[in-house]
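Colleague: I would like to learn how to read a model like this one, feature by feature. Could we look at it together?

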Amino acid sequence: MAAEVKTTCPYCGVGCGVIATVDEAGAVSVKGDPEHPSNFGRLCSKGSALAETIDLDGRLLYPEIEGERSGWDEALDLVARRFSETIAEYGPDSVAFYVSGQLLTEDYYVANKLMKGFIGSGNIDTNSRLCMSSSVAGHRRAFGADTVPGTYEDIELADLVVLTGSNLAWCHPVIYQRLAAAKMARPNMRIVVIDPRRTMTCDIADLHLAIRPDGDVALFMGLLAHLATSPAIDQNYIGAHTDGFGDAFAAAAALDINDLLERTGLPAMQIREFFRLFETTPKVVTCYSQGVNQSSSGTDKVNAILNCHLATGRIGRPGMGPFSLTGQPNAMGGREVGGLANMLAAHMAIENTEDRDRVQRFWDSPVIAAKPGLKAVDMFQAVADGRIKALWIMATNPVVSMPDADSVENAIAACPFVVVSDILKETDTTRHANVLLPSLGWGEKDGTVTNSERRISRQRSFLDIPGDARADWWQLAEIGRRMGFAAAFDFDAPAAIFAEHAALSAFENNGSRDFDIGARAGMSGGAYDELSPFQWPQAAGTEPSITRFFAEGGFFHPDRKARFVAVKPPATDRTNAEYPFTLNTGRIRDQWHTMTRTGKSARLSAHIAEPFAEIHPRDAIETGISSAGLVEIDSPHGKAIVRALVTDRQARGGIFAPMHWNDQFAARARIDAVVAPVTDPISGQPASKNVAVAVRPF
Ligand code: SF4
């Protein structure tokens, strides 16, 4: 009798429900879960191919020390001893964890608790820094907390959907399917895509604004100035629920029309049409993703968007609101437990003395991180400088995915002690580990993830545990025990961790904090096994329901008002005579991150088989690049060699290259070796969409 298990897709932030079936011969098949409220049975190509990516080929099955197989006790004792010795000699900030949006919430919770509450450093950061930290920073500035106000349903209910910096069709395919179906049912729905490239998402757009890289701040400043003098302005909402409108409006109004045209590179007619649509359509949702976040002005871009929704009171109502589309399966869950270097657990603020005291009392911990830790780019710089002497990397492959990837590789290689927890034995990062710890993969591990609409779902195991692999939370708890904190890390199962996480979210929370899942605080293991997907918040004594924030104010600044932010348009052009092109990196439809899993599926690789760079036909002629010829892309930081894809989908002066390929799939194809380690000054998120490069035939 085949067994069916309800679980969740481990790839993008849509968080689709999956039914996995294991037949009597042990063969696995997957299908969409028709009862999951985020996807209603839909899956994209990556989700549909999950069963093709779970074989044991290449798996890391046993702990290793310096390349030799070891037992768990030996490996864990060594890790605990080296971290303890390093902390004793150089202090808590000499060690760091670099974790991942691929971790489950329970793994993330234990990692954060160990680093911030027991080691006493803020040095835990995550690849989510590369993904959505500008949205976190923008939300915190405007709302007083990292709160996504709406739900996926709002995208279907809107009469106007603005997609800015989002290739929804490839990066969040099931949301794209839901949007396309809604537009089919209601042809009067309007869709505007703001993107330098004419992506597949533009196939359903009524208006495509091929904006200059980083022109978005100016565009939304212009929109705010326009709305302020139109009937769409909601003075009642502004007066009752916000602060700072005057300064934000003054900054926006100071941008003259010529400046707006220059910075956006858009025709005046298109800008007018966009402003008219936004002004005259009350039910508007603005979705934003990495094209907004991965920028040296990412936080200002987010706030420029939020300003427009606050000014019109279009927030937290059905079919209205700003909507951050998260890249990874559990970037939201990681945020909820404080997985970023500048956050505390349960959305509390590390800079806030009361919050630090509250978390420390709840954990009964000997110490609490007194300040934010190092964000990803700074963390690897500290590894390079020798300030960080012991590093634990979990569930991520920074040698491929970090900007300035060659320097990151050199830093890791030179670090005195590196631990890597992974499911694979050989990645570009594992080759530099002193200790390798085998983790559980999708289908083997148990826990929860939170998707872009704040919906918490279970990932459930349905496969036997291979070799000596163990859950990441277990590895962390064992290190906590061995470092002398046995009572605090006495977890026997993920259910116990989730129950503690839920209790912390409700601890001394009288509604002044956004994240509260206190209704789950006393949850038993059985109830955890049965957990159905639900949206937060769910305070004690409440039932699961569709949740939205801020229709009637209730923001999380002390005065419960939102803040407008007076943003400034950034410099948009980083090019020069030596590096005259703008590189924009991103995802393709059928691969995930550094391809360590999706690269196993022949079906997925059939979509696009090789790394490539899109270049406009006239730029190709002028640089002597021929269609399908090899090209070299270089910057002061590194080189990559990929195949030219000559297409007028790409605007002149720019090239697009996917982020996925690594040296195991194609020699010198790591595009992040080319990306400069430039970051947003507030969020610390790297600017992967606007990199000055040269491109030439190889
Ligand atoms: Fe998985 Fe995202 Fe595809 Fe859904 S849309 S099946 S979560 S990759």
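Colleague: Which helices each supply at least two residues of the shell around the ligand?

Modeller: A helix here is a DSSP run of H or I with at least four residues, a strand is a run of E with at least two, and both are numbered from the N terminus. The helices in question are α1 (45-48) and α7 (173-185). This is a predicted model, in which local features need pLDDT of at least 70 and side-chain atom pairs count only at pLDDT 80 or more, while totals for chains, interfaces and linings use all residues. Residues are numbered from 1 along each chain as its sequence is written.

Colleague: Which residues come nearest to the ligand?

Modeller: A residue is near a molecule or strand if its C-beta atom, placed from the backbone, lies within 6 Å of it. There are 14 residues around the ligand, and Cys9, Cys12, Cys16, Cys44 and Gly47 come nearest. By class, the shell has nine nonpolar, four polar and one charged residues, where Ala, Val, Leu, Ile, Met, Phe, Trp, Tyr, Cys and Pro count as nonpolar, Asp, Glu, Lys and Arg as charged, and the others, Gly among them, as polar.

Colleague: Why does the ligand lie between two domains?

Modeller: Domain bounds come from an automatic or database domain assignment. Domain 1 (3-53) and domain 3 (133-325) both give residues to the shell around the ligand, so the ligand lies between them.

Colleague: How many residues of domain 1 are in contact with domain 2?

Modeller: Two residues are in contact if their C-beta atoms, placed from the backbone, lie within 7 Å. In this model, 15 residues of domain 1 are in contact with 15 residues of domain 2. On the side of domain 1 that touches domain 2, β1 (3-8) and β2 (17-22) each supply at least two residues, and β1 gives the most, with five residues.

Colleague: Which residues of helix α11 are buried?

Modeller: A residue is buried if 20 or more other C-beta atoms lie within 10 Å of its own, exposed if 12 or fewer, and partly exposed in between, with C-beta atoms placed from the backbone. In α11 (residues 257-264), the buried residues are Leu260, Arg263 and Thr264. Seen down the axis of α11, they fall within an arc of 85 degrees, so they line one face of the helix; the arc is that of the directions from the helix axis to the C-beta atoms. What covers these buried residues includes α8 (216-228) and α12 (268-280).
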